[in-house]
Amino acid sequence: MPTEVPRPKNVGRPPRLSLEAIITAADRILHSEGPEKLSMRHLANELGSTPMALYYHVRDKDELLLLVMEMHAQRIPRPELPEDPRERLVTTAVMLYDLLAERLWIIDVLTGDDLIAPSSLWFVEVMIDAAVEYGHSPEHAVYVYRTIWYYIVGDLIIRVNSKRRRARASHPVYEDEVIAGLTSGTHPRLAAVADRWAELNARDTHREGLAAIVDGLLPPRSEARD
């Protein structure tokens, strides 16, 4: 495996670092290479500095990740949301999905570490509040939120991994080959869509999916759970 070659540094006093410059450089690495590639050594090399200089500003990688996530969370505008609680829940869930889809590295961090950006918690508050306003108890409203959250995370993870797998595949994807080999005698429904299986799975249906989940979680108000 090739080793990372340090960038040439100017002779003399090392450049003065700022926390803002460190966060910006870390964000660039996270976006282009992913959280697994972010290290203090790699970041220092990007900044033409040393790891010890970074530790003056941040305690460790976890604190750095929190700072980058908090920066993104603070930059997210809070739009006017629908008054109807169902529509507000769907709108907020779709917005959260779309924001995370543009920052997929955050999914890796949230599912792999016990980290969260406090400024992003308004998403959770809005969704729980919408479920309570609809008629659910606070406890069941948390279940409503968690169900939506698990769908968002699961869908993005599967979508990302599928794209990565297909991008690096030098031959047909095994799943597609298996589906293509099914017969109408054993799997009539699958065989009927086998030639379009890859296309159908690649379709982006997260808006419809989130709306359907919310409809299932918010039955007629007379049936709302305590």
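The following dialogue reads selected features of a predicted model.

Me: What does the secondary structure of the chain come to, and how many residues does the chain have?

Reply: The chain comes to twelve helices and zero strands. From the N terminus on, its elements therefore read α-α-α-α-α-α-α-α-α-α-α-α. The chain has 226 residues, of which 38% are buried.

Me: Where does UniProt place the feature "DNA-binding region"?

Reply: The unreviewed UniProt entry places this feature at residues 39-58. Such an annotation may be inferred rather than shown by experiment. In the model, residues 39-58 are 65% helix and 0% strand.

Me: How should I read the crossing of two helices, and at what angle do the axes of α1 and α2 cross?

Reply: An angle of 65 to 115 degrees between the axes counts as roughly perpendicular. Helix α1 (residues 19-33) and helix α2 (residues 40-47) have axes that come within 10 Å and cross at roughly 110°. These two helices are therefore roughly perpendicular to each other. The crossing in which α1 passes α2 is right-handed.

Me: What is the angle for α4 and α6?

Reply: The axes of helix α4 (residues 61-75) and helix α6 (residues 104-112) cross at roughly 130° and come within 12 Å. The pair α4 and α6 is therefore oblique. Here the crossing, α4 passing α6, is left-handed.

Me: Where is Pro118 found, and is Pro118 buried or exposed?

Reply: Pro118 is found in the loop between α6 and α7. A residue over 50% relative accessible area counts as exposed; Pro118 is exposed because its value is 58%. Pro118 and Gln74 are 44 residues apart along the chain, with their C-alpha atoms separated by 9.3 Å.

Me: How is the length of a helix read, and how far does α7 reach?

Reply: The distance from the first C-alpha to the last is set against the span expected at 1.5 Å a residue. Helix α7 (residues 121-134) has 14 residues and reaches 20 Å, close to the expected 20 Å. Just after α7, Gly135 takes a positive phi of about 135°.

Me: Which residues of α7 are buried?

Reply: The buried residues in α7 are Trp122, Phe123, Val124, Val126, Met127, Ala130, Ala131 and Tyr134.

Me: What describes a pair of aromatic rings, and how many aromatic pairs does the count give here?

Reply: A pair of aromatic rings is described by the distance of the centres and the angle of the planes. Ring centres must lie within 6.5 Å to form a pair, and by this rule the count comes to one aromatic pair. The rings of Trp122 and Phe123 have centres 4.0 Å apart and planes at 25°, so this pair is stacked. The cut-off for stacking is an angle under 30 degrees. Both residues of the pair, Trp122 and Phe123, are buried.

Methods
Residues numbered from 1 in each chain as written. Predicted model: local features only at pLDDT ≥ 70, side-chain atom pairs only at ≥ 80, totals over all residues. Heavy atoms only, no water. Helix = DSSP H or I, 4+ residues; strand = E, 2+ residues; numbered from the N terminus. Phe/Tyr/Trp six-rings, centres within 6.5 Å; stacked < 30°, edge-to-face > 60°. Buried < 20%, exposed > 50% of the residue type's maximum accessible area, 1.4 Å probe, protein only. Expected span 1.5 Å × (residues − 1). Axes fitted to C-alpha atoms, helices over the stretch in contact; angles between N-to-C directions. Parallel < 35°, antiparallel > 145°, perpendicular 65-115°, else oblique. Left-handed = near helix turned anticlockwise from the far one by under 90°.
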